Structure formats: structure tokens, C-alpha cells
Amino acid sequence: MRLTGLPETAVREDIAAALAEDIPWPRVLNSICTAPHPLAVEAAHAAAHTNLGDVRIFRGTKRIERKVVALLLELLGRPQGAGSLVSGGTEANLLAVLAARQDARAAGRLTEHPEVVVGSTVHFSFDKIFSALGITPVRVPVDDGLRLAPESVEKAVSEHTIAVVATAGSSELGVVDRVDAIAAVLEPHGVWLHVDAATGGFIIPFARELGLPLPQFDFSLDGVRSITIDPHKYGLANVPAGAILFRAQEAYQADSFFLDTPAHTTLLGTRPGSAAMATYAVLEHLGREGFVDVTRTNFENTRYLTGRLAEAGYGLLIEPELNIVVARVPHAAEVSRLLGTRDWIVSTSRRFDDAVRIVVARHVTRDVIDEFIPVLVRADQEIRAEVAAR
Ligand code: 0PR
């Protein structure tokens, strides 16, 4: 640390210079995060000093957290449920698995070797969680549409199972598991069904309102016991804003997770009230209609992108269910690397070698797509020529 501090102007310049090195949103085609709504930024700024870890002080901020949880529960069909705002999808998924384990313990069903049934498309946050908690994942195959197959899920359930995880919108491929069918096969077993809707939670309800054929995935399905939904993804709030929601109040009781910290229902102790405030600002300001509009535009732009890709000769690896496009591009990793050197960020798929993955978030407009297509074509041609010359 410096002995004598820098003047404010110098610090501001440093910060501005660092931010200028970041890739501007219109060139970010890989991220399920987007520029937060301006009102979210304003709300987060106003609440920058708050800490939900001490609710004796931040009473108003806690009230806002409760209000946000209530709005999210209502969105997902369970106003009488419970939940907390957390740092993101990873923490939310962790708390869901802890609650499921506690539920099994309370019911006298917890064995020495607890297992959680997941599909091969499950988010990698679960790998961290299973490793931290000493839980064995039982990975079941996905069907041709890359969705968790309900029959395989049922076969994988054993006396050791503490939970099944379904994904309502994978960040990698935008695939929505048939949560309704999975809930139905699990019903006789009474197994805890957790739905990871970190990505899809702010899309699917609105896409369904637009008439898109997406399955029901929320608490309206009896077997669904917990849901992860992330305001910092399609909820247009600032990072770090995640949420874990539970069907039952009991599952949420603090001592279900952390015996000696009754005031804390989350993993983090000190945690940002700014995220709660930002989420509140967006939910209240946009309302359902606002989110339906955002979703409509994202889906229209997705169709526009697939059209432009087809014109340029690129097929798709899977039909997009959400606003994530997986285009067939040979030598995708090299194309992605080359695009990165030109400050365009796309990603590839862990599952396919020849796939470029493009997320059509709110900042990916038609203009952005029009600018991107020739850049992609040129990078593709250059890599093909390079490979041919090897
Ligand atoms: N579950 C699902 C379905 C997710 O998509 C993600 C994140 C998580 C859980 C974990 O959430 P947190 O990252 O909030 O803990 N999915 C994105 C991904 O891994 C995260 C991301 C966001 C990556 C923006 C890059 C990026 O620019 O793809």
C-alpha cells in the first residue's frame, strides 16, 4: 500500500482506465448477464453501504429483501413459500442441497452415502457443492433433445438419494428439462426436487405468457421443493444477486442449515443490501409487462440471429428453446480465440467441438448481430485457410 494516498482524480483515472479495458457489452455474446438496468445501478449505488448480515441496523433494507423474496415467490407460484437473496446461483444451489440433506435427516432417511441425481447437462456449480459436502452425484443420461430423461431419473433414485436436480434453462445450451414430467415420476418416491432456474427463471414464465411451448417448472408442480433464480442474470440486476426459494417455511428455518447462526439463512454473513435494492428497483419498475417485453425482444433477436446465421451458411446444433443459439462452426475453439483477439466474445460448448454458442441477452440487438455476422464469417474463413495449410 502507498504511504501517501493518491488524489481522487488519479484514482478515478485508474478506475476509468481499467473499465475501458473491459469488453463493451455490445461485443459480449457469451454472457447470460447483461448491462444492469439503470435504475438497478442507481438503487445499488444508493444502498452501497448496507449489509444484510446485520438486520438490527439495516431494517429498511431487510424489508426490501423480504419484499423481493415475496415477489419472486409469487412469480414462481408459491406466495406462502420462503427464501433468501444470496450471492448467485452457486450459493442458491448449495443452500438447496443443504436443505434437502436436512430434510432427509429429519425424516430419518439420511444414509452414510448421500446421493443427488443430476443430468449430464447440470451446471458445474453442483460439482463444487458435491465436492464440498461429500455428496455423490449420480449422473443420468440426457435424451436426444439433451434433456434429463424422466425414466432414467426414476431408475437412478435409491435409498441414498436426498435430491434430484432439474435444470430449467441451462446456461450452456439453453435447454429446459421437462420438470413437469420429472416431478410426475418422482411423486411416488417423495424425493426432494430442486429446480435450477438460475438462467431460466426470469425467462420461462414470461415466454410462456407469450405462448412459447415451454414446460411448467415452478412451485405449481407439487414435487418442486426449491428453486434457484438469479436476478443478476435475466433479472437485469447488478451482480451479486441470486435467490433461493423454498416451498415450505420449515425448509428455510435457519437452523436447518447452520445450527448456531439463527440470524443467518445464507452462507455469507456480511452480504450486500445493494443487490436486494437493485433487484427490487427492477421488479417494481418493469413489472410483468416490462419483463414480457424484454423476453419478446430477446426471442425476436434470437430468431433474427438464426436467420442471419442460416444466410451465412451456418446450421444449428440444436433448435433454441431459449435465447441461446448453438451454431455449427468448424474449429470452433480456434474461431472463438481469434474472435477474442478482435474483442468479440463468444463461447464454445463442452459437449460439441464444432459449436459456437451465442447468448442473445438484452444488449445483443439486431445492429450488434448485423455487425457480428461478417466478423464471424471472416474469422471462420481465416481459420479454415489456416487449418488447410497445416
Ligand atoms: N446454475 C445455472 C443454470 C447457471 O447458468 C449458473 C451460472 C449457475 C447455476 C451458477 O450461478 P452463479 O455464477 O451466479 O454462481 N451460469 C453462467 C455460466 O456458467 C455464469 C456466467 C455468467 C458465466 C456470465 C459467464 C458470464 O459472462 O455460464
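Which residues line the largest cavity? The structure is a predicted model, in which local features need pLDDT of at least 70, side-chain atom pairs count only at pLDDT 80 or more, and totals for chains, interfaces and linings use all residues. Residues are numbered from 1 along each chain as its sequence is written, and side-chain values use heavy atoms, with hydrogens and water left out.

The lining of the largest cavity consists of Thr34, Phe202, Ile203, Tyr234, Leu236, Phe291, Val294, Thr295, Asn298, Phe299, Asn323 and Arg362. On a 1 Å grid over the protein atoms alone, a cavity is a set of points where a 1.4 Å probe fits but cannot get out, whereas a pocket is an open set with protein on both sides within 12 Å along at least five of seven lines; a lining residue has an atom within 4 Å of a point. The largest cavity has a volume of about 90 Å³, a volume being the space filled by probe spheres set on the points, which are joined across faces, edges and corners. Domain 1 (8–35 + 288–389) and domain 2 (38–285) each contribute at least three residues to its lining; these bounds come from an automatic or database domain assignment.

There are two cavities of 30 Å³ or more. The second largest cavity, of about 70 Å³, receives at least two lining residues from each of strand 1 (82–86) and helix 11. Helices (H or I, at least four residues) and strands (E, at least two) are DSSP runs, numbered from the N terminus.

Helix 11 supplies the largest share, five residues. The volume of this second largest pocket is about 230 Å³.

The axis of helix 11 comes within 10 Å of that of helix 13 (residues 366–388), and the two cross at roughly 25°. Helix 11 is therefore roughly parallel to helix 13, a description used for angles under 35 degrees. Such axes are lines fitted to C-alpha atoms, for helices over the stretch in contact, and angles run from 0 to 180 degrees between N-to-C directions.

The largest pocket holds about 400 Å³ of space. Its lining has 23 residues, and His123, Phe124, Ser171, Glu172 and Arg357 lie nearest its centre. Helix 4 gives the most to this lining, with three residues.

How values were computed:
Parallel < 35°, antiparallel > 145°, perpendicular 65-115°, else oblique.
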